[in-house]
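Here's a quick briefing to read with the structure open beside you. Have a look at the fold, then work through the notes below.

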Amino acid sequence: MKGSPTWLKRTGQTWKILVFGVLILVGMVLFGFFVAVVNGKVEDGDIMYSAFAFMGAAFAAFVWLTFAIRCPECGSKPAWHFMRTAHHQTWVQELLRMEDCPSCRR
Ligand SMILES: [Zn+2]
């Protein structure tokens, strides 16, 4: 924490994280629905469809984050960089906190 604006804020891409959060939230709701279907709590609930629904939402969230967040200077995709290199529990925080592009350092 050096008090300088994060790279996401500087490049005006914070809203893309919000979209990611909404997609994850939708995925969690669909997962809850899937669990309810599996447990027979939903009448005529289809396990296959509800499984595809929550996996699809989660997949869409990660695809969105990977391709939506781009460095305006070098065109690299920092979200993808952190997904590959950072710990799976901290990569979101690292992405949120980064102060410069992991590829070009701008
Ligand atoms: Zn860059």
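How many residues does H2 have, and how far does H2 reach from its first C-alpha to its last? H2 has 25 residues and spans 36 Å, close to the 36 Å expected at 1.5 Å a residue. Keep in mind that this is a predicted model. The mean pLDDT of the chain is 95, with 97% of its residues at 70 or more.

**Confidence**
- Helix H2 (residues 14–38) has the highest confidence in the chain, at a mean of 97.
- The lowest confidence in the chain belongs to H5, at a mean of 94.

- Just past the end of H2 sits Gly40, with a positive phi of about 70 degrees.

**The nonpolar core**
- The largest nonpolar core has seven residues: Phe20, Leu23, Leu65, Ile69, Ala79, Phe82 and Leu95.
- At least two residues of this core come from H2, and at least two from helix H4 (78–85).
- Ala79 is in contact with Leu65, Thr66, Ile69 and Leu95, leaving aside its neighbours within four places in sequence.

**Two non-glycine residues with positive phi**
- Asp44 isn't a glycine, yet its phi is positive, near 60 degrees.
- You'll find Asp44 in the loop between H2 and helix H3 (47–68).
- Is Asp44 buried or exposed? Asp44 counts as exposed because it has 5 C-beta neighbours inside 10 Å, and the cut-off for exposed is 12 or fewer.
- Arg105 also isn't a glycine, and its phi is positive at about 65 degrees.
- Arg105 lies in the segment after H5.
- With 9 C-beta neighbours inside 10 Å, Arg105 counts as exposed too.

**Val92 in H5**
- Val92 belongs to helix H5 (residues 91–97).
- Val92 has 18 C-beta neighbours inside 10 Å, so it counts as partly exposed; a buried residue needs 20 or more.
- How far apart are the C-alpha atoms of Val92 and Gly32? They are separated by 23 Å, and the two residues are 60 residues apart along the chain.

Technical notes:
Residues numbered from 1 in each chain as written. Predicted model: local features only at pLDDT ≥ 70, side-chain atom pairs only at ≥ 80, totals over all residues. Helix = DSSP H or I, 4+ residues; strand = E, 2+ residues; numbered from the N terminus. pLDDT = per-residue confidence, 0-100. Expected span 1.5 Å × (residues − 1). Core = buried A, V, L, I, M, F, W, Y, C linked by C-beta atoms within 7 Å. Contact = placed C-beta atoms within 7 Å.
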